[in-house]
Amino acid sequence: MGELEDGHEADPAGRRRRPATVREAKALAHPLRVRILRLCLHRELTNKEIADRLDTTPGTVLYHVRQLVDAGLLVAAPVRTGASGALEKPYRSTGETWWLSFTGVGGESESPPAAAPLAAFQEELGEAGPESVRTFSRFALHLSDEDVAELDRRIVAVLDEFVATDDQRRGRPLHSGLFVLHRPAEY
């Protein structure tokens, strides 16, 4: 995993991390949209299928799907014939969100828009239950801003390698995770 001249990371297959556009950042600012992207990453789903899975209405899902499509994070898959013979319009995630960097998005903020992914992850973990957790590490470290950047770079580099080669492991069980580093309230 190497860093490119402009400071953006590249995966072994040649993909590179790039700054998120304002439209992409706004699209990722809602937990339901984050969950829709994760659901559609490994299988194509219709509005109704997404709504059933997320226990919401197809109209609500359609609104959020349109936001994701407009941002280029979700695309329409080929129309298919459903079980009842009706035509269905499924969607799939582009997978582009992994390669987005949120540094400096939105002007004054240097942090990624973390609230939506955190809320989405909490909902997913709540649905899966505590028995779904395969591993975790809880820690407290004294780090400078430079140390935080280095830790993030190194962890993301390892994850990039797995993300870039995930298609080679499609037959294995799906796992989801989240790496979060935060400042405790007492500091």
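A residue counts as buried when its relative accessible area is under 20%. This model is predicted.

**Helix H4**

- Helix H4 runs over residues 58–70, which makes 13 residues.
- From first C-alpha to last, H4 reaches 18 Å, close to the 18 Å expected at 1.5 Å a residue.
- Which residues of H4 are buried? They are Val61, His64, Val65 and Leu68.
- What do the buried residues of H4 pack against? Their partners include three helices: H1 (22–27), H2 (31–39) and H3 (47–54). They also pack against strand S2 (74–76) and strand S5 (91–93).
- Just after H4 comes Gly72, with a positive phi of about 80 degrees.

**The nonpolar surface patch**

- Phe139, Leu141, Leu143, Val148, Phe179 and Leu181 form a nonpolar patch on the surface.
- Together, these patch residues have about 470 Å² of accessible area.
- Leu141, one of the patch residues, lies in the loop between helix H5 (115–128) and helix H6 (145–164).
- Is Leu141 buried or exposed? Leu141 has a relative accessible area of 51%. Exposed means over 50%, so Leu141 is exposed.

**After helix H6**

- Pro184 lies in the segment after H6.
- Pro184 is partly exposed, because its relative accessible area is 30%.
- Pro184 and Ala140 are 44 residues apart along the chain, yet their C-alpha atoms are separated by 9.2 Å.

Terms used: Residues are numbered from 1 along each chain as its sequence is written. This is a predicted model: local features need pLDDT of at least 70, side-chain atom pairs count only at pLDDT 80 or more; totals for chains, interfaces and linings use all residues. Side-chain values use heavy atoms; hydrogens and water are left out. Patches are made of residues with over 30% relative accessible area and no salt bridge: like charges are joined within 9 Å, nonpolar side chains (Val, Leu, Ile, Met, Phe, Trp, Tyr) within 5 Å. Accessible areas come from the Shrake-Rupley method with a 1.4 Å probe; for residues, only the protein chains shown count as cover. A salt bridge is a side-chain nitrogen of Lys or Arg within 4 Å of a carboxyl oxygen of Asp or Glu. Helices (H or I, at least four residues) and strands (E, at least two) are DSSP runs, numbered from the N terminus. Buried means under 20% relative accessible area, exposed over 50%, partly exposed in between (1.4 Å probe, protein chains only). The expected span of a helix is 1.5 Å times one less than its number of residues. Contact means heavy atoms within 4.5 Å.
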